[in-house]
Amino acid sequence: MNSLFILGSLTTPGIGLIVWTSLVFILLVLLLSKYAWKPILAAIKTREENIAHALSSAESALNDMRELQSNNEKILVQAREERDALLKEARDTKDAIISEAKAKATKETDRILATAREQILNEKNAAISDLKNQVASLSIEIAEKILRSELSSDDKQKALVNTLMKDVNLN
Amino acid sequence: MGPKIKIFKQKSTLFLLVFALFSLVSLKTYASGQEEHPATESDSLSAVAPHVGGHEEAKEEKVNITKVAFEHILDSHYWHFWGEGHETVALPLPCIIYSSTKGVQFFSSAVFEHGHASFGAYSLVEEEIISADPQEKITDLSITKNVVQLLLSAALIFWIFTSIAKSYKTTGVTSAPKGKQSFFEPLITFVRDDIAKDNIGAKSDKFVPYLLTVFFLILINNVLGMIPIGANLTGNIAFTFVLATCTLIITNVNANKNYWMHILMPPVPKALYIMMIPLEIVGIFTKPFALMIRLFANMTAGHIIVISLIGLIFVFQSLWVSPVAVAFTLFIDVLECLVALLQAYIFTLLTSQFIGAAVAEHHHEEGHEGEEHAH
């Protein structure tokens, strides 16, 4: 076995191994492509897509949550504003009602007072006039009684006529 | 996890036992066959001469390291395990030959008794079956050691990856990969993304199955070749020749207009066409040729280095050399582990680069522009 022979057998491809390798290799490529690489690559791809999808949906969920949070805050602010506005409005209404009621009450009081005053005045006037009438009738009665007593004698009648005459003369 | 590993261990132990039993049975028959025809120690290049006729002094005959090394590297009609001469423990393999005069013949290589006997007109000389009849031309299609390893590795790859495919089906794609799946998935995605997609581009999906098969076939045979009794299949030029030829065919079948334009109308002055076109055409073949030589030479060289380092012990005939030899061998073996992976990677990478160059769009124009800018 000299070195030239060794080199020759090393670098000369044997026909048998070429045939077998071609056969086995081509069959292996075909079989593996169908039964191994296709399902494996498909599964890996599906998983990668799943992961990418999960990541993107997590991202979008986070964004949604952030949006929701900011929305919530906005809504909270809005609600607070609304509440303040409502409170203010209520306060205003209350004040208005109170002031209106006050005004009404004052007016009513005034009216009642005025009526009362008028009534009192009327009553007073009536009472006065009644009193006057009574006083007048009493006076007349008294005068009548006095006159009767005074004119019971002729002298006294004469005296009176004289007095009265005096007055007439003066006029 | 625990019971699973146990089951796996039991399975592999069972497999080993069956394998050992199988080889022992065939070896026994072979050994008994050999005893009937005692070998005549005529071959002066024989490694360790055994006790021939009880001559004790013949025991320590000089070892021809070159022969031992090339027996390990070259293909064989036996699967040799250990021992030499009468103590040889080897599995005879089936011989299939196509004779120009007798047609297809089928027999076991045991009939040759390591080249010491002839079978009819046939004899085995330096692992080559030759006929005594000068008219008869023989095409040797035997199931040699390399073919056996090729078949075993193909079966192994097929089993590994179909079972992985099955585990994707059973566990679905929502759970994390486990076992074999988690070991091979990164390699598969590495080939798909970093080798195929990076070099071929958008059309890479079509070539990924081929690249994956090439990658794992080379990787597994590189690794099997490193096992002492393994065959040096990836360091055999016939094997690398077939793989490189497949790459050549795939590259050129899928090549687009730009690729052929670059070869037939290269971006050079017309006067240079007479020189450039033949060069470009030769270039089609030199690329896969380099692939073929690279894998073959790397694996063969690695094996020669390992055997040579171990052989130092026998050359110096001293036990004291062994620590150095073993240390160096260990170092080279570790390096070979790297080379096994690296060569599988390089072969696949270059294949995908060749395909990528052949299917790339506007490849020609880009190159042309680049050259114009250079001017």
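This note sets out numbered points on the two chains, their contact and selected local features.

1. Basis of the note. The model is predicted; local features need pLDDT of at least 70 and side-chain atom pairs count only at pLDDT 80 or more, whereas totals for chains, interfaces and linings use all residues. Residues are numbered from 1 along each chain as its sequence is written, and chains are lettered from A, with ligands numbered from 1, in the order in which they are written.

2. Contact between the chains. Chain A contributes 33 residues and chain B 45 residues to the contact, two residues being in contact if their C-beta atoms, placed from the backbone, lie within 7 Å. On the side of chain A that touches chain B, the elements giving two or more residues are α1 (3-11) and α2; helices here are DSSP runs of H or I with at least four residues, strands are runs of E with at least two, and both are numbered from the N terminus. The largest share of that side, 26 residues, comes from α2(A). By residue class, the side of chain A that touches chain B holds 23 nonpolar, nine polar and one charged. In this classification Ala, Val, Leu, Ile, Met, Phe, Trp, Tyr, Cys and Pro are nonpolar, Asp, Glu, Lys and Arg are charged, and the others, Gly among them, are polar.

3. Val29(A). This residue belongs to helix α2 (residues 15-150) of chain A. Leaving aside neighbours within four places in sequence, Val29(A) is in contact with Pro209(B), Tyr210(B) and Thr213(B). Between Val29(A) and Ser129(A), 100 residues apart in sequence, the C-alpha to C-alpha distance is 140 Å.

4. Helix packing in chain B. Helix α4 (residues 180-200) and helix α9 (residues 322-359) of chain B have axes that come within 7 Å and cross at roughly 30 degrees. Axes are lines fitted to C-alpha atoms, for helices over the stretch in contact, and angles run from 0 to 180 degrees between N-to-C directions. The helices α4(B) and α9(B) are therefore roughly parallel to each other, the classes being roughly parallel under 35 degrees, roughly antiparallel over 145, roughly perpendicular from 65 to 115, and oblique for the rest. The contact involves residues including Val191(B), Ile195(B) and Ala196(B) of α4(B), and Leu349(B), Ile355(B) and Val359(B) of α9(B).

5. In chain B, three strands form an open sheet in the order β4-β3-β8, with antiparallel pairing; two strands pair if DSSP finds at least two bridges between them. The edge strands are β4 (103-108) and β8 (138-140) of chain B, each pairing on one side only. From one strand to the next the twist averages 25 degrees. Six bridges link β3(B) and β4(B) in the antiparallel sense, and these strands form a hairpin with three residues between them. Strand β3 (residues 94-99) of chain B also pairs with β8(B), antiparallel, over three bridges. Ser99(B) has Gly103(B) as its bridge partner in β4(B) and Ile138(B) as its bridge partner in β8(B). Tyr98(B) stands opposite Thr139(B) in β8(B).

6. The sheet β5-β6-β7. A further open sheet in chain B has three strands in the order β5-β6-β7, paired antiparallel. Strands β5 (118-119) and β7 of chain B are at the edges with a single partner strand each, so one side of each has no neighbour in the sheet. Strand β6 (residues 122-125) is joined by four bridges to strand β7 (residues 128-131) of chain B, the two running antiparallel. Across this pair, Tyr122(B) stands opposite Ser131(B), and Ser123(B) opposite Ile130(B). The strands β6(B) and β7(B) form a hairpin with two residues between them, and Glu126(B) in the turn has a positive phi of about 50 degrees.

7. Gln317(B). Most residues other than glycine have a negative phi. Gln317(B), a residue other than glycine, has a positive phi near 50 degrees. Gln317(B) is in the loop between α8 (273-316) and α9 of chain B, and counts as exposed because it has 10 C-beta neighbours inside 10 Å.

Note on methods: A residue is buried if 20 or more other C-beta atoms lie within 10 Å of its own, exposed if 12 or fewer, and partly exposed in between; C-beta atoms are placed from the backbone.
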